[in-house]
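I opened my notebook to look through this structure piece by piece.

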Amino acid sequence: MIQLQQVERDFEVGDETVRALAEVNLEIPDGDYLSVMGPSGSGKSTLLNVIGLLDRPTRGEYILDHTPTTTLGEEQRAALRREHIGFVFQAFHLVARLSAAENIALPMVLAGIAPAERQRRVQEVLQSLALSDRASHRPDQLSGGQRQRVAIGRAIVMRPGLLLADEPTGNLDQHSGQEVVELLEQLNGEGITLIVVTHDAAIGRRARRRIRMLDGRIDSDEREDAPA
Amino acid sequence: MRLPDLLALTTRSIIEARTRTLLMLLAMSIGVASVVLLTALGEGARRYVVGEFEQLGTDLLIMLPGRTETTGGPPPLFGQTPRDLTIADAMALLRDPNILRVAPISVGNAPVSHASLEREVTIVGSTRDFFPIRRIQVGVGRQLPDIPADRQSNVIVLGAALKKELFGRHNPLGRWVRVNDRRFRVIGVLAPGGESLGTDLGEMAIIPVASAQALFNSPSLFRVLIQASAKEDIEAARQAAIRIIRLRHDGEDDVTLISQDAMLGTFDRILRALTYTVSGIAAISLAVAGILIMNVMLVAVSQRVPEIGLLKALGGSERQVLRLFLTEAILLAGAGASIGILLSGLAILLVNQLYPAFPFAAPLWAPVAAVAVALSAGLVFGVLPARRAARLNPVQALSGR
């Protein structure tokens, strides 16, 4: 459960204050599938960063699973990110010197999970992503679609309740993009809350709930029951 | 985060960034090696001088005729006094239990000749005890005979170089040499290589002290070497020597006593200060190496901004990022320090092979201190870049801005 109450975020640009988010009120129940669309600079990435606890709102309150987060310290926010939130980026952000399996294991390394348990969970994730035969490949030996699948594996290996995808298909061709979106939707079908920020109207339309941002405000918020 | 994982992650990023790693290892190892080598130089000089003095014996007192009248002047090496310091004075010192050995010495220059060869050398007149006191070894033949100090005997022990000049490779034992107008029979040759405080033992000859006094026609001794029965007894021996001479010289203190130990102590202090100075200079060079480490780490931080952002997005906290970068800095400093120790060890070995006479060796504290300074430099100069990395805003870091 995600609750944003009157959230605002200001950036200082030179001696000017730019309001990237203004009076954002949002409630996202568990297991929802949400797309955020809007022109460049409309505040969609800022919204995603605030929800992902990478950024702090200037004003307002953000409650994640009944925990108010704005007063938490850096260590506690890092712990929340680790346990509850998975990120998928446009540029994949895999660590080039680590193999696919090691990239997926990275959040568990940071969390201090024992190697045997890590090994088991990485195998599990690789299998579910059909990447078992790519486990020891480095990112530069993988195709774009495979890289994004490894990144998704890394995002879900800690079994978070919330998956945040920032333009997940932006660097992919049509076919791989389709595969990645289907994978994300399949994860959503298994119960994870999915928020996708995208420029692509075709991908945005697939979500059950669609938010349009304009000048830092929520311009429209449509809900449509899934065809299923 | 578990320690093995922390080490594995940092090790991999160290191996990955080869140029950066090599640069830092170079800086650190040169810094550490220079500390150890410079200290070894200073320490070597100290040991050399101390060794020279110890060859003379630290339980030694030197008695000179005459007395410094005012403080501050040098002791009268060729003092003139109304009362001679005689052989009888010297031998009387042996009555004190704190004095083990006494060697009266009379010195002069005289030509020594054999067949048509002649050399002008230093003639030392003394007794049999001169040899153990000065730790002089006889190579061939015997030392001076064990006769009363005031009895003459026409025997001579030649220095190794002098023997070679006069006799070449022939056996000199039992042959006669001429010193001034007297004839002496050769009974021994000193072992080669002897040198003490710049005096070449090879270029001298030793005869009984009474014969030397007759030869040079001087009733006074040049000096008396006194060996205390133990190092602790040296002060008691000094008091006893002064008391005995005063008794024999009608209550006048007309001799000067120098202790070998006092001179040694002074030199030791001077050279130790020198060593500390030199290692201080080296420590500064190590600090410079530390600053280089900091620079390279700062570059590393800016190169790895996206990675740091990623780590934070994946749930890494500021503390973890800080720890990662600090571990990296310390591992690098430690590895650099080890290489530096290895290099300096090799250099010391090499110098010792080339110049075995110079005791070139680092004192134990030098590598320990160098490694400690290297590690703390790594830590201190690693903190700044690591903190910068840890404080990065993950959003901006990920976008590579």
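Helices (H or I, at least four residues) and strands (E, at least two) are DSSP runs, numbered from the N terminus. I also noted that this is a predicted model, in which local features need pLDDT of at least 70, side-chain atom pairs count only at pLDDT 80 or more, and totals for chains, interfaces and linings use all residues. Residues are numbered from 1 along each chain as its sequence is written, while chains are lettered from A and ligands numbered from 1 in the order in which they are written.

**Entry 1: the sheet in chain A**

I looked up what A:Gln3 faces. A:Gln3 stands opposite A:Ile63 in S4(A). In S2(A), its bridge partner is A:Glu27.

Next I checked the strand pairs. S1(A) and S4(A) are antiparallel and share 5 bridges. S1(A) and S2(A) also run antiparallel, joined by 9 bridges. These two strands make a hairpin, with 2 residues between them. In that turn, A:Gly14 has a positive phi of about 65°.

S4(A), residues 59–64, pairs with S5(A) over 2 bridges, again in the antiparallel sense. There A:Leu64 is opposite A:Thr67.

Which order do the strands take in the sheet? I wrote down S2-S1-S4-S5 for this open sheet of 4 strands, with antiparallel pairing. The edge strands are S2(A), residues 16–28, and S5(A), residues 67–68; each pairs on one side only.

A helix goes with this sheet. H1(A), residues 44–51, lies across S1(A), S2(A) and S4(A). H1(A) runs at about 60° to S2(A). Axes here are lines fitted to C-alpha atoms, for helices over the stretch in contact, and angles run from 0 to 180 degrees between N-to-C directions. Two residues are in contact if their C-beta atoms, placed from the backbone, lie within 7 Å.

**Entry 2: chain A as a whole**

I counted elements: chain A has 7 helices and 10 strands. Its length is 228 residues, and 45% of them count as buried. Buried means 20 or more other C-beta atoms within 10 Å of the residue's own; 12 or fewer means exposed, and in between is partly exposed, with C-beta atoms placed from the backbone. Among contacts in chain A between residues at least 6 apart in sequence, 69% join residues at least 24 apart.

**Entry 3: two helices in chain A**

I turned to H3(A), residues 100–111, and H5(A), residues 144–156. Their axes come within 7 Å and cross at roughly 30°. H3(A) is therefore roughly parallel to H5(A). The cut-offs are under 35 degrees for roughly parallel, over 145 for roughly antiparallel, 65 to 115 for roughly perpendicular, and oblique for the rest.

The crossing of H3(A) and H5(A) is right-handed. A crossing is right-handed if the near helix is turned clockwise from the far one by less than a right angle, and left-handed if anticlockwise.

From H3(A), A:Ala100, A:Asn103, A:Ile104, A:Leu106 and A:Pro107 meet A:Val150, A:Gly153 and A:Arg154 of H5(A). By class, this contact has 5 nonpolar, 2 polar and 1 charged. Ala, Val, Leu, Ile, Met, Phe, Trp, Tyr, Cys and Pro count as nonpolar, Asp, Glu, Lys and Arg as charged, and the others, Gly among them, as polar.

**Entry 4: helices in chain B**

H10(B), residues 318–354, packs with H11(B), residues 365–391, at an angle of about 150°, with axes 7 Å apart. H10(B) is therefore roughly antiparallel to H11(B). Their contact divides into 22 nonpolar, 5 polar and 3 charged residues.

H10(B) also meets H1(B): the axes come within 9 Å and cross at roughly 65°. Residues in this contact include B:Leu6 and B:Leu9 of H1(B), and B:Leu331 and B:Leu332 of H10(B).

**Entry 5: one residue, B:Ile99**

Is B:Ile99 buried or exposed? B:Ile99 is buried, because 22 C-beta neighbours lie inside 10 Å. I found B:Ile99 in S2(B), residues 99–114.

**Entry 6: where the chains meet**

How many residues of chain B touch chain A? I noted 21, in contact with 19 of chain A. H9(B) gives the largest share of the chain B side, 5 residues. That side has 10 nonpolar, 4 polar and 7 charged residues.

Methods: Pairing = 2+ DSSP bridges.
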